[in-house]
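Trainee: Could we go through this protein together? I would like to start with the aromatic rings.

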Amino acid sequence: MNTADSLFSSSAGTMAVVALVLALLAMAGVVLLLARQQRLLGQYQHLMTGTSGGNLEEMLNEHIAQVRETETRVEALDQLAHRLEKAAYFSLQHMGMVRYNPFGDTGGDQSFAVALVDGHGNGVVLSSLHGRGVTRVYAKPLQKWESTYSLTDEEKQAIALAYQKQS
């Protein structure tokens with residue numbers, strides 16, 4: 001104990017202990033820095049996986065170019081989708097059909113009424129009256145779900161069926 005007391009009592013001994021503590025702190029700092037460097041190196045290697053060995057700036061520039069190209073393609077697809085949506089609104093979207101027997105002396109429901117309508121409610125109602133010796137077909141235009149011609153109950157029913165299917 002005498003030597004330990006004499007070590008702390010002299011200024012050289014105090015400096016040696018302080019130097020030892022500082023050295024231990026420096027070693028701990030170096031270990032922490034090495035661990036952080038290894039973690040960063042792992043993240044960098046993960047980031048660079050799949051690249052052709054180029055530098056990070058080249059890789060980022062290539063990625064930005066791909067993003068811009070993709071953005072251009074998405075905008076073109078969006079415009080195409082809007083054009084198709086507008087065009088589809090004028091195409092056949094709704095249909096209603098009713099089969100019926102207008103005459104009691106014929107067999108089965110051979111007569112029919114079909115409503116073919118676009119997204120604006122414009123189209124046509126086709127009717128067929130099937131009799132024993134003749135079948136007649138009629139076409140009546142539709143504007144906003146209505147016709148300027150008089151409609152039979154079956155034609156009105158076909159239009160109502162087509163209208164129900166618009167939702």
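Trainee: How many aromatic pairs does the count come to?

Mentor: The count comes to one aromatic pair. Rings of Phe, Tyr and Trp (its six-membered ring) pair if their centres lie within 6.5 Å; planes under 30 degrees apart count as stacked, over 60 as edge-to-face and the rest as tilted.

Trainee: And why is the pair of Trp145 and Tyr163 edge-to-face?

Mentor: The planes of the Trp145 and Tyr163 rings are at 90°, so the pair is edge-to-face, and the ring centres are 4.9 Å apart. The pair links distant parts of the chain, 18 residues apart: Trp145 is in the loop between β4 and α4, and Tyr163 is in helix α4. Please keep in mind that this is a predicted model, in which local features need pLDDT of at least 70 and side-chain atom pairs count only at pLDDT 80 or more, while totals for chains, interfaces and linings use all residues. Residues are numbered from 1 along each chain as its sequence is written, and side-chain values use heavy atoms, with hydrogens and water left out.

Trainee: Is Trp145 buried or exposed?

Mentor: Trp145 is buried, because its relative accessible area is 16%. Buried means under 20% relative accessible area, exposed over 50%, and partly exposed in between (1.4 Å probe, protein chains only). Tyr163 counts as partly exposed, at 44% relative accessibility.

Trainee: What about the backbone there?

Mentor: Trp145 has a positive phi of about 70° although it is not a glycine. Lys144 also has a positive phi, of about 50°, and is not a glycine either. Lys144 lies in the loop between β4 (135–142) and α4, and it counts as exposed at 66% relative accessibility.

Trainee: Which residues form the largest nonpolar core?

Mentor: The largest nonpolar core has 11 residues: Val98, Tyr100, Ala113, Ala115, Val117, Val125, Leu142, Trp145, Ala158, Ile159 and Ala162. The elements that give two or more residues to this core are β1 (94–100), β2 (111–117) and α4 (153–164). A nonpolar core is a set of buried Ala, Val, Leu, Ile, Met, Phe, Trp, Tyr and Cys residues joined through side-chain atoms within 4.5 Å.

Trainee: What does Val98 touch?

Mentor: Leaving aside residues up to four places away in sequence, Val98 touches Ser111, Phe112, Ala113, Glu154, Gln157, Ala158 and Leu161. Contact means heavy atoms within 4.5 Å.

Trainee: Changing topic, how is the whole protein built?

Mentor: The protein has four helices and four strands, and from the N terminus on its elements run α-α-α-β-β-β-β-α. Helices (H or I, at least four residues) and strands (E, at least two) are DSSP runs, numbered from the N terminus. Buried residues make up 16% of the 167 residues.

Trainee: Which residues make the nonpolar surface patch?

Mentor: Leu41, Tyr44, Leu47, Leu56 and Leu60 make a nonpolar surface patch of about 420 Å². Helix α2 (11–47) and helix α3 (56–88) each supply at least two residues, and α2 gives the most, with three. Accessible areas come from the Shrake-Rupley method with a 1.4 Å probe; for residues, only the protein chains shown count as cover.

Notes
Patches are made of residues with over 30% relative accessible area and no salt bridge: like charges are joined within 9 Å, nonpolar side chains (Val, Leu, Ile, Met, Phe, Trp, Tyr) within 5 Å. A salt bridge is a side-chain nitrogen of Lys or Arg within 4 Å of a carboxyl oxygen of Asp or Glu.
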